[in-house]
Amino acid sequence: MSDKYFEYGEVSEQLIYPEGQQLFEACQEFPWIQIIECRSLKRNDGDVEDIIIIDLGDGSVPSRNGYGVFAKERLAVTYRPSFATYRCPYDVRAIRKAFPPTSHRNYVDQNEPKSLCLYFEPWSALERTWTPQQHLKRILWWLKETAQGTLHRADQPLEPLYFTSPWQIILPHDFHTKVEDRNTSLLLHRVEASQQSAGSTVLIGELLSHNQQQGQQPGGFECLVAICPPVSTGFIEVYPHTIKELNEQLLGNGLNIYELLHQAAIRKIPDGAGLDVKQSMRNPLTFILLHVPILREETNEIERFDKVGFFTESTFIELGNAVGALSVCPDNKDKVYKNYAGKLGGLIEIDTDFLQQASLMPVETKLRISHEYARLASGIVDDPAEFKGVIAGVGALGACLAGIWSKEAWGCWTYIDDDTLQPHNIIRHVGKDFHIGQPKAELVKSLTSWDFDTGLAKNNAVVAKVNDANNQDTVSALKEAELIVDVTTTLEVPRDLARRIETPRMVSVFVSPSGRDSVMLLEDKERSMNLGILEAQYYRAVLSSEWGEGHLVGHLGDLWVGAGCRDVSSIMSYELIQLHSAILARQIRQQVRNKVAKIKIWVNDDVSGNVAAVDIAVYPGFTQQCGGWTVCWDQGLQEKLSDMRRQRLPNETGGIILGYLDQKTQSIHLVDALSAPVDSIESPSEFLRGTNGLQGVLDECQSRTANIVRYIGEWHSHPPSISTNPSCVDIGLLAFLAKQMATEGLPAVMGIIGESALNFTVGQSVEHISDVLH
Amino acid sequence: MRMLLIVYQRCLHSYNNYTYNKYTHSYYSYKIGNWGSTVKTKITFFPVDNGDMTLIRLVDSDKTCILVDINIREAADNTNDTTYDVAKALRDRLKIDSKGRPYVDVFLWSHPDQDHCRGIRKHFYLGPLEDYPDDNKKLGEKRIVIREIWSSPIVFRRASKNLTLSEDAKALNKEAKRRVEENKNRKFVVCDGDRIVIMGEDQNGKTDDLQQILVKVDQKFKKIRGKSNSHFEGLLLGPRPADDDETEGLLTKNHSSVIVNMKLAGSVLNADGCKFLTGGDAEVEIWERVWAEYKSTSDELEYDLMQAPHHCSWHTLSHDSWSDSGGEAKVSPNARSALSQARSGASIVSSSKPIKEGDQDPPCIGAKQEYEDIVGDVGGIFHCTGEYPTESSPKPLEFEIKASGGIAVISSASAAAIITSTKARAG
């Protein structure tokens, strides 16, 4: 081979591995290959590599490409079984010495031909589908894409290391914002446990002030952080072997590594008093980190930071000396001082001989996760995620939601709950045994704060009832929040908060007593359809839908449907809590993007594992003041009444009204209205409601809704052109109803639907007239 | 090459006997005729054995098509013959006009040898467009309309000992003359179908009255169908017969070959996407004369892509005979210089049979070695249409011009894509 090409291995008569032989045969058959010769490379450790030297090119590499890849390239396609541990054992080397320094190459030893990085997958996965023929085609693809510049994306990070790095450096998440702070410097220390494992040693990097550093345990590594000016593309595309090589790479970008290292060392030494020499400064390994801000081409703003780390076999003092940054006090070897020569305008003396010889070992360097990255990795790109929110109730379900959203870094939450963790909670709550007795809000806060780097979590805990208007912490949390997620599984919290005008948008979620279903009631952004309105419509869906029949099976008749999982004796596995939590967490996150109100139910089929989602139509609400009572209904109900009236015209028709009362708020919520029983008598001037089947319907209604929805009154229609005011007969009926309802201390409602209006009258039987006149 | 076929027999599915007609793919023809959405300038070399047939499709708004020569052999037209159906491959790449007729904008006829116009009568319409008789035929059977002919002035010569013409050549010659007459009669204002441009002056003043439809040798031209085209520039390098050729009776068809170095745009923004040098069957003397003219301005001869003249014949590069010399044949340094102004990564294409060791010429192994050296120096590549992608089953060799400049072969398809686009007969 001429000077043009590397001498890779030695010419050999034969290939020693069957795999090498197969590769050779594939080359023979491949239309775009001319085989030049076979070679063999024996390494010092006895490892032998089969080598086939070929000319390869099918013309798909564009002529005059700016990357310097030839349409036909001389390559070594090789097989080396021991490589399978690190990467593909079939290596491909560019034998042409002038082969351009492209990206997507494997790390190779010094003075070896460049190795093309053809595959993303590890060999263990790749070997399932790999064939020599496809391998050769893959090389063509690599050359073509590289020559077109399409293999290397603009945002391509540095190539991963394709050997087992004996070290791993973990840096703080905010490293790039703090690295330029002159008062801090990076120190590495080992993670104790990792030393015992067979793999690489993990070193944790911390940015510490000079004072903090003095107090550190011995045994750490000193670091020189070379801060580069911003560049538009990552320029360290191939790991250098020596500081000299690194300098050559940087020179191409107008940077001088010696100068950068000088500045890095200078930054570490405080002015005046100098620095006490620590054991770490005499450690024969020093960490060098290149910190490279990468600009986005269009906007010229910094879009990311590349970090390239190396260990070099010199002490910090040697390096500092060599870059002319520090001087050791001749009288006191335990003290180093800043070399002021440069600052005073003198020449910085740089020991280039020393630096040129200094070898570099690439080290895998990672950052801890930032919130932004957590969101990116969770696919949360466009959603606003920095808003403040309240999770009211961090029992089994609430704590699960909190955990999920914390992992996604979605929202800054205040967890409000007055409860403490009880022994029976352990079964379904994220809390651990040692948390028993701790307030749930506090324990959820501390668990979520461990998700990310110290100081990142901004979640708060308030141990109180969320509707406690006297608790200042609660009040201010609600005031600042943009979203309240009600997971209290109580009646009162959503109803109380929903009535307050200052309350932000709310969503109420719960799991049915059996664990089969979960429910989400989400207010619209303007809160014109608040939880109070949505609750009644949810019950109507329970009554009228097929899934409603088994929806609340297992309720204890205790007037709240979602309380099942709070009960000591209830039977519900953690699986179901997690299943519904995951659905609800994702749905809430996605649905709050939209402005509209939503009622959704998820029904889990335990046999098939299928979860059916049910969307309930949401209607705007109406209210009518009747004496001290507020009657609340919605457009859906009104349309239903209109329909029933129209179908029976010219006759009047009617039936019973179902709903519930809230004595505290003096409100009557109408849920549904039934059509006339079959034994009713309808005429153009009168309606007589029958009784057939009514008791059964009422029983079913109470059973389906945990006794919440019950008989509330009557409705009937008036013919066209007749007002919706009650007639004398109607008043008589109302009096009868009120008297009967009074035995339970309840008022009675009478609704009259006419051509264009719906009118309610509330009748209540009172002992003294003054009770209603005050 | 030895190949062992191992058949793992389990069960062979039986398929219905599908019958295929070569020309039932009219819908697909039309679709492919639109060339997809990512439009690039393309140059397609069809596998026509020793002969030329090259289609250039520009990236201008009309997607102007220039066809350089044709060589459609009977075997390629025969449905029972496995020879690649180049006529269908060509038609698949052509546009259809508003009357539903397939057409090329330009047919560049380098010279009247049979292997440069074989099949013209069968596949192309020759005559006044108002008499086009195929409108009621299936698309695949309609003859292709030639909107404009670019022809060597040799059409004005009478047949002689040195100029024997095939039936195809005679027909095309007649059509060229008809168009010249039509131009004269109509004061050079003619429509598509009557257009012709004469590439090079003829001697004895035969072309003096044709200045409006004449491109002179060493002249650059941009007009296609009467309009300047910003995506195209041609430099006419030949025909370049010696003054004494005719008097000595030496004028051959090969000496009359049209040689054009075409500059083709890669995009609206890049006029120099690719330089494509095509020179018919021009032989060594012609290339020596080209070099004599251009050695001081050799950049005019630069190319990204060159069609190896005369199907990779040794006579392009040497005055000696390859077979007689026993390997001692000398290359003409001047002819070689004219043909070696390759740009970085350039390709040379031999439109020929597969190239074998031995005395065969054309194509000649010695010429191939010279061309491989030429492109080897610039990291380029040498192709042979008879070997692309394989000798046993050649297919069109298609280059695209990158928007930023430079050419690349459009990569070969996957095995599955090839299989599913090939008829599979099972018993």
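Because the model is predicted, local features are reported only at pLDDT of at least 70 and side-chain atom pairs only at pLDDT 80 or more, while totals for chains, interfaces and linings use all residues. Residues are numbered from 1 along each chain as its sequence is written, chains are lettered from A in the order in which they are written, and side-chain values use heavy atoms, with hydrogens and water left out.

To start with the overall make-up, chain A has 22 helices and 34 strands, and chain B has 11 helices and 21 strands. Here helices (H or I, at least four residues) and strands (E, at least two) are DSSP runs, numbered from the N terminus. Of the 774 residues in chain A, 55% are buried; in chain B, with 427 residues, the buried share is 55%. Buried means under 20% relative accessible area, exposed means over 50%, and partly exposed is in between (1.4 Å probe, protein chains only). As for contacts (heavy atoms within 4.5 Å), take those in chain A between residues at least 6 apart in sequence: 66% of them join residues at least 24 apart. The figure for chain B, counted between residues at least 6 apart, is 66% joining residues at least 24 apart.

Next comes the place where the chains meet. There, 18 residues of chain A are in contact with 29 residues of chain B. Together the two chains bury about 1600 Å², with 48% of that on carbon and sulfur atoms. A:Trp32, A:Ser63 and A:Arg64 supply 38% of the area that chain A buries against chain B, more than any other three residues. Buried area is the accessible area (1.4 Å probe) that two parts lose on being put together, summed over both.

The interface also has 2 salt bridges, a salt bridge being a side-chain nitrogen of Lys or Arg within 4 Å of a carboxyl oxygen of Asp or Glu. A:Lys72 forms a salt bridge with B:Glu372, their closest N and O atoms lying 4.0 Å apart. On the side of chain A that touches chain B, helix 3 (residues 132–148) gives the most, with 3 residues.

Over all chains, the whole structure holds 67 salt bridges. In one of them, A:Arg43 pairs with A:Glu112 at 3.1 Å between the closest N and O atoms. These two sit in loops 69 residues apart, A:Arg43 between strand 2 and strand 3 and A:Glu112 between strand 6 and strand 7 of chain A. Both A:Arg43 and A:Glu112 are buried.

In chain B, the salt bridge between B:Arg121 and B:Asp168 has its closest N and O atoms 2.7 Å apart. B:Arg121 belongs to helix 4 and B:Asp168 to helix 5, so the pair ties together parts 47 residues apart in sequence. B:Arg121 is partly exposed at 42% relative accessibility, whereas B:Asp168 is buried at 4%. Helix 5 of chain B also holds B:Glu181 and B:Lys184, 3 residues apart, about one turn of the helix; they form a salt bridge with closest N and O atoms 3.6 Å apart.

Some single residues round out the picture. A:Arg689, in the loop between strand 31 and helix 20 of chain A, is partly exposed at 26% relative accessibility. Its side chain makes a polar contact of 2.5 Å with the side chain of A:Glu714. A:Arg689 also touches A:Gly655, among other residues. A:Gly655 itself lies in strand 28 of chain A and is buried, with a relative accessible area of 0%.

In chain B, B:Ser350 lies in strand 18 and is buried at 0% relative accessible area. The side chains of B:Ser350 and B:Ser352 are joined by a polar contact of 2.7 Å.

Finally, the structure has 0 disulfides over all chains, a disulfide being a pair of cysteine sulfur atoms within 2.5 Å.

Notes:
Polar contact = N/O pair within 3.5 Å; in protein donor to acceptor, adjacent residues only side chain to side chain. Lists of a residue's contacts leave out its neighbours within four places in sequence.
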